[in-house]
Amino acid sequence: MPGPIYSFGDYLKQRFAVKVHKVTVNADFTCPNIDGTRGRGGCIYCNNVSFNPNTQRKEPDIDAQIEAGRQIVRKRTGAGKVLAYFQAYSNTYAPIEKLQSLYEQALQCPDVVGLVIGTRPDCVAGEVLDLLASYQQQGYEIWLEYGLQSAHDETLERINRGHSFAEYRDTVIATRKRGLKVCTHLILGLPGEDRGMMLETLARVREVGTDGIKLHPLHVVRHTMLAYKWRKGDIHLLAQPEYVSLVCDMLERMPASWVVHRLTGTASEDLLLAPEWCVRKWAVINAVYAEMNRRGCRQGDAIEESRQMPLTINSVKHLDSALSC
Ligand code: SF4
């Protein structure tokens, strides 16, 4: 781990001999928390356009999307290989035949070395995990990104997530049992949560086990239930120093082997209502590194190895690959 944080960039450098970057793919999925299967209206903060500005583009041609993205990242970053990132909505929410066709279209594109699949923990069937595990066995890099946001069921209810912590736990266990890697998404500053609750969420995620983490501040975007509540004055948002301090508290308490995929999140300026500091993503990331340095600490410093997640086959593989590269 070159810096105080084991970033996804560090992981990719160790895993691959060449530079690898993600390319976002929009496969036109929907979400069971929007279409009525699990709920209606979606999570209170959800305006999916804000996650991925390409969401409105109805572009079914996976090859064309990947090729366009590949050209852009090659020019911008020099990356020679890419991971196809199925990001918008719930990217396991379709019949297995359709999923197989979409995933394999992506894997067959030039320079694609794997998939990153963003989804909800309550809509991942065992047969989908088996399919993804078969790609991993062929040597592809496969990550499942599960939105958890909070381990507290009362919070999940408050934000209309439509699933419980137990569903997350069972899905993560089923995923990691197959040797697939999991990245868990958490939101800091959710309504009704204090620092203790957020750190408890991290402790529960640690108990279950994960391979990576994404942290985001709660932010308000247009055309959401959260925006309505925020305008009424019902929502307290974290200030940047509070957020940075919380992120560092979490980093100190997470295993050094976890890959940190993201330290902050934002939306485009035309959609973001608050907090305005979210827009300056790099200022937030730099502040997190500065705070870690000020504390003189590294990821995992506040936990003992013995209290970290039990080593599964997957995490052993992960550590092996990290050390051997
Ligand atoms: S699970 Fe994702 S896509 Fe579905 S409503 Fe929530 S944030 Fe939106």
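Guide: Gladly! Let us start with salt bridges: a salt bridge is a side-chain nitrogen of Lys or Arg within 4 Å of a carboxyl oxygen of Asp or Glu. Side chains of opposite charge can pair when their charged atoms come close. Keep in mind that this is a predicted model.

Visitor: How many salt bridges does a search of the whole structure find?

Guide: The search finds 22 salt bridges. Take Asp111 and Arg74, whose closest N and O atoms are 3.1 Å apart. This pair links distant parts of the chain, 37 residues apart: Asp111 sits in the loop between helix 4 (96-107) and strand 3 (112-119), and Arg74 in helix 3 (residues 62-77). Arg74 is partly exposed, at a relative accessible area of 39%.

Visitor: Which Lys forms a salt bridge with Asp111?

Guide: That is Lys81, with 3.3 Å between the closest N and O atoms. Lys81 lies in strand 2 (residues 81-86) and Asp111 in the loop between helix 4 and strand 3, so the pair ties together parts 30 residues apart in sequence. Lys81 is partly exposed, with a relative accessible area of 28%.

Visitor: And the pair Lys181 and Glu141: are they buried or exposed?

Guide: Both are buried. Their closest N and O atoms are 3.7 Å apart. Lys181 belongs to strand 5 (residues 181-188) and Glu141 to strand 4 (residues 141-149), 40 residues apart. Elsewhere, salt bridges that share partners join Arg195, Asp249, Glu252, Glu291, Arg294 and Arg295 into one network.

Visitor: Now the nonpolar side. Which residues of the largest nonpolar core touch the most other members?

Guide: Of its 71 residues, they are Ile66, Phe86, Tyr103, Leu115, Leu132, Leu251 and Met254. Helix 10 (residues 240-252) gives this core its largest share, seven residues. Setting aside neighbours within four places in sequence, Leu132 is in contact with Tyr103, Leu115, Ile117, Ile142, Leu144 and Leu180. Another core, of 16 residues, lies apart from the largest one and has Tyr45, Leu218, Val220 and Leu273 among its members.

Visitor: What about cysteines: how many disulfides does the count come to?

Guide: For a disulfide, look for two cysteine sulfur atoms within 2.5 Å. The count here comes to zero. Cys123 is in no disulfide, and the nearest cysteine sulfur, that of Cys31, is 6.9 Å away. Cys123 counts as buried at 12% relative accessibility, and Cys278 is buried at 0%.

How values were computed: Residues numbered from 1 in each chain as written. Predicted model: local features only at pLDDT ≥ 70, side-chain atom pairs only at ≥ 80, totals over all residues. Heavy atoms only, no water. Buried < 20%, exposed > 50% of the residue type's maximum accessible area, 1.4 Å probe, protein only. Helix = DSSP H or I, 4+ residues; strand = E, 2+ residues; numbered from the N terminus. Core = buried A, V, L, I, M, F, W, Y, C linked by side-chain atoms within 4.5 Å. Contact = heavy atoms within 4.5 Å.
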